[in-house]
Amino acid sequence: MAVRIAILDDYQNVALKLADWSKLGKDAEIKVYNDPVQRTSEDTIRDCKSFQVVSMMRERTPFPRQVIEALPDLKLLITTGARNASIDMAACAERGITVCGTTSYGNPTTGIAFGLMLELTRRIGWENARMKAGEKWQLTLGMDIEGKTLGILGLGKLGARAAGVGKSFGMKVIAWSQNLTPERCKEVGAEYVSKEDLFRNSDFLTIHVQLSQRTRALVSANELGLMKPSAYIVNTSRGPIIDEKALIDALRNKKIAGAGLDVFDVEPLPTDHPFRKLDNVVMTPHLGYVSQQNYAGYFPDIVENIRGWMDGKPVRVISAK
């Protein structure tokens, strides 16, 4: 009997090209879903109901209890990355569903964060579009980021990398988060400051904390109100860390200079969303983890996970805590 495998949310249509799926043998039947849609629980239940194996891109599609309990055939659930807060692990454990993860490259978010900063200040993409449209020559009077203050909200692995890049640009680096210590700041060459001073003194504030109940709306109207009118905020972490309504208000009323956003409260971002109409916003469609190096690790690991499960020897198992 064939093992039915669903690959969800392969927006770039690359999953079958980046791994050797023949390792699963002739008994593997694979269906790939490519459309970048705002998938509801009902959509997931409909699309995955008859599959024993489901492979998902981390947090593109949530798997709450409601979904898990409605998939009677599901035996193996695979997420990219080593953790996934959108999976109800307890529900999987109760059903005897094996959950596996993958390795990841772990660095592409840094490039997106600084790419957004450079687009906000030097307007590289905007000027490229003008030139290709036949415009005569330059309009932008850009601002160098050298000598500016880079504020980092969260100084873990990704925040530390951002600090290193900021220093290489000649920026002064300051940092704060709920658990951050002066000792950690010293390790990566950043200055430890209070939350208030982080927002008051940053010319660029980049977010590198994980989304949790503690960090949801951590950046509210109050924090945005502390920022300089000339300052920029960059979010490559998760949308809900910033109060979206407060950010839209700050941008519309020029309380801050602009925002670079790779993540949003709702993804894919609705076509009528206010962010799409603001000229002081630069957006990318959650590209932070979408790199050749990451994907080259994800999909071979997914194949290996399925093969291991088929052989009764699952690998990279994520356990419920």
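Analyst: A salt bridge is a side-chain nitrogen of Lys or Arg within 4 Å of a carboxyl oxygen of Asp or Glu. The model discussed here is predicted, and the structure holds 20 salt bridges.

User: Why do the side chains of arginine 65 and glutamate 69 count as a salt bridge?

Analyst: Their N to O distance is 3.1 Å. The cut-off is 4 Å, so the pair of arginine 65 and glutamate 69 qualifies as a salt bridge.

User: How far apart are arginine 65 and glutamate 69 in helix H2?

Analyst: The two are 4 residues apart in helix H2 (residues 65-69), which means that about one helical turn separates them.

User: Is glutamate 69 buried or exposed, and how do you know?

Analyst: Its relative accessibility is 51%. Exposed means over 50%, so glutamate 69 is exposed. Arginine 65 has a relative accessible area of 28%, which lies between 20% and 50% and therefore makes arginine 65 partly exposed.

User: What makes arginine 316 and aspartate 301 a salt bridge?

Analyst: The side chains meet at 3.2 Å, N to O, and that is within the 4 Å cut-off. This pair links distant parts of the chain: aspartate 301 lies in helix H11 (292-310), arginine 316 in the segment after that helix, 15 residues apart.

User: What about arginine 307 and aspartate 311?

Analyst: Their side chains meet in a salt bridge of 2.9 Å, N to O. Arginine 307 has a relative accessible area of 27% and aspartate 311 one of 46%.

User: Which residues are linked in a network of salt bridges?

Analyst: The network links Asp9, Arg39, Asp43, Arg46 and Asp47.

User: Why is serine 55 called buried?

Analyst: Its relative accessibility is 2%. Buried means under 20%, so the term applies to serine 55. Serine 55 is in strand S3 (residues 53-56). Leaving aside residues up to four places away in sequence, serine 55 touches Ala6, Ile7, Leu8, Ile78 and Ile302.

User: What is noted about phi of asparagine 13?

Analyst: Phi is near 55 degrees, a positive value in a residue other than glycine. Asparagine 13 is in the loop between strand S1 (3-7) and strand S2 (28-32). With a relative accessible area of 40%, asparagine 13 is partly exposed. Alanine 217 is not a glycine either, yet has a positive phi of about 60 degrees; alanine 217 is found in the loop between strand S9 (204-207) and helix H9 (221-226).

User: Which peptide bond is cis?

Analyst: The bond from glutamate 267 to proline 268 is cis, with omega near -5 degrees. Proline 268 is in the loop between strand S11 (258-261) and strand S12 (281-283).

User: How many helices and strands are in the protein chain, and why is the chain called as compact as a globular protein of that length?

Analyst: The chain has 11 helices and 12 strands. The radius of gyration is 22 Å, close to the 20 Å that the globule rule gives for 321 residues, so the chain is as compact as a globular protein of that length. Buried residues make up 49% of the 321 residues.

Notes. Residues numbered from 1 in each chain as written. Predicted model: local features only at pLDDT ≥ 70, side-chain atom pairs only at ≥ 80, totals over all residues. Heavy atoms only, no water. Rg over C-alpha atoms; globule rule 2.2 N^0.38 Å. Buried < 20%, exposed > 50% of the residue type's maximum accessible area, 1.4 Å probe, protein only. Contact = heavy atoms within 4.5 Å.
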